[in-house]
Amino acid sequence: MRLLKESFRWYGPGDCVGLWEVAQSGASGVFTSLHSIPYGEPWSVGEIEERKKLLGECGLDWDAVESLPVSEDIKLRGGDFERHIENYKESIRNLASCGIRRIIYNFMPVLDWIRTDLNYRMPDGSTCLRFDPAQFAAFEIFVLKRAGAESDYSPEIVRAAGNFFSSLTPEGRDRFGKSIIDMFPGCKMGLEVGDVVKMLARYEGFDAERLRENLRLFLDEVLPTAEECGAVLAIHPDDPPFPVLGLPRIASSLEDFEWIFTRCRSESNAMCFCAGSLSSSPRNDLLRMVRRLRRKICAAHLRSTQITPDGGFYESGHLEGGVPMLDIVAELLDEQRGRLARGECEIPFRPDHGRVMAGDLLKAPPDNPGYSYIGRMKGLAELRGLQTACAAFLERDWHSQKNAKGLKQ
């Protein structure tokens, strides 16, 4: 049985983890993006081919685009959104003409993934990413000063937020705010508090239904282009998968994804199954989700989180925490076996968000927290071992069922 294709996140030529190091991890491909191109602008064939050539020189495939950003104008259907949508179609066509047909995107308003502590210390001395609800409440109430933010939290959380913020020095408060505001994957936008306040103001009056409708309209406009090119657009789950900043999240639960795939019925409408993002909500049953959605999964991020008593979470080891990784890998392997039998594509995955460990500080990029080299390589090795054992058992079970069926006939 063929294993899921091993890949690695790579942020481009400026990534302190080099492509030869990616190859040495055992991965055969990367998930990458052209981060230097501003949101809303088209990707040219020349720029795509240049990136593809870099990967090829190290024997690596471009397994998935992560990501082709959706601009705020598109999410809001305001400003320059019509031009941005046409540019998005052009980028899909150009990627497909270069043989890149697996495209990941997200529809999270204002901020991408959110953490409050980028160096949460574990008992063994390694560090990981953490979301602390009291710290995020402090960000909303005291940094952004968002009107009505206090009402989104319990009195206990608000008190804890005040205690946390008052414990910070002025310099510490500045670092804390910046660590949340400007953590867009692969690029620095130089955002300040005032910029985020203005961005939030544009969403005044938005609820989940309105944002969901804008996603539907976007997909109605770009999916025909993807179909023509044989490309797949895979939505990434919200991270974290619950409302933040007074804004809705619409890709956080099984019901959300079923709505997306029901309203936009297209073979090109798919998802990137991020086990870590989805596992940070106790409402999500990941095994049920992967079983219900597996035909729509075109790529996977395999990591785990541990939910904390205060409703927050931290990023645990890849085979630890709340994710039933063995069962999820078994489902994905079984799904891939069926696809390959039908002549369809394999499923690539990458280990996500590794810990900073074993003196990996030089390979723990400060601009891309969570993407240290050794921590991810450890996760990849663990997942490879899990896959290998799981595939052997599935293969044995498959042959046993086949033999039993033959005897009955």
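Where is Pro 348? Select Pro 348 and you land in strand E12, residues 348-351. Helices (H or I, at least four residues) and strands (E, at least two) are DSSP runs, numbered from the N terminus.

Before going on, two notes. This is a predicted model, in which local features need pLDDT of at least 70, side-chain atom pairs count only at pLDDT 80 or more, and totals for chains, interfaces and linings use all residues. Residues are numbered from 1 along each chain as its sequence is written, and side-chain values use heavy atoms, with hydrogens and water left out.

**Stop 1: Pro 348**

Stay on Pro 348. Its relative accessibility is 1%, so it counts as buried. Buried means under 20% relative accessible area, exposed over 50%, and partly exposed in between (1.4 Å probe, protein chains only). Now show its contacts, meaning heavy atoms within 4.5 Å. Leaving aside residues up to four places away in sequence, Pro 348 touches Lys 5, Phe 31, Asp 63, Arg 102, Cys 298, Ala 299 and Ala 300. The C-alpha atoms of Pro 348 and Glu 204 are separated by 38 Å, and the two residues are 144 apart along the chain.

**Stop 2: Leu 219**

Move to helix H9, residues 208-229, and pick out Leu 219. Why is Leu 219 called buried? Because its relative accessible area is 1%. Its partners, not counting residues up to four places away in sequence, are Tyr 105, Pro 224, Ile 260, Cys 264 and Asn 269. Then select Leu 200. Leu 219 and Leu 200 are 19 residues apart along the chain, and their C-alpha atoms are separated by 23 Å.

**Stop 3: backbone details**

Most residues other than glycine have a negative phi, and most peptide bonds are trans. Keep that in mind here.

Go to Ser 67, in the loop between strand E3 (61-66) and helix H3 (72-76). The peptide bond from Glu 66 to Ser 67 is cis, with omega near -5°.

Follow H3 to the loop between H3 and helix H4 (81-97), and select Arg 77. Its phi is near 50°, a positive value in a residue other than glycine. Arg 77 is partly exposed, at 23% relative accessible area.

Jump to the loop between strand E7 (232-235) and helix H10 (254-263), where Pro 240 sits. The bond from Asp 239 to Pro 240 is cis, with omega near 0°.

Leu 245 also lies in the loop between E7 and H10. Is Leu 245 buried or exposed? Leu 245 is buried, with a relative accessible area of 3%. Its phi is positive, about 60°, although Leu 245 is not a glycine.
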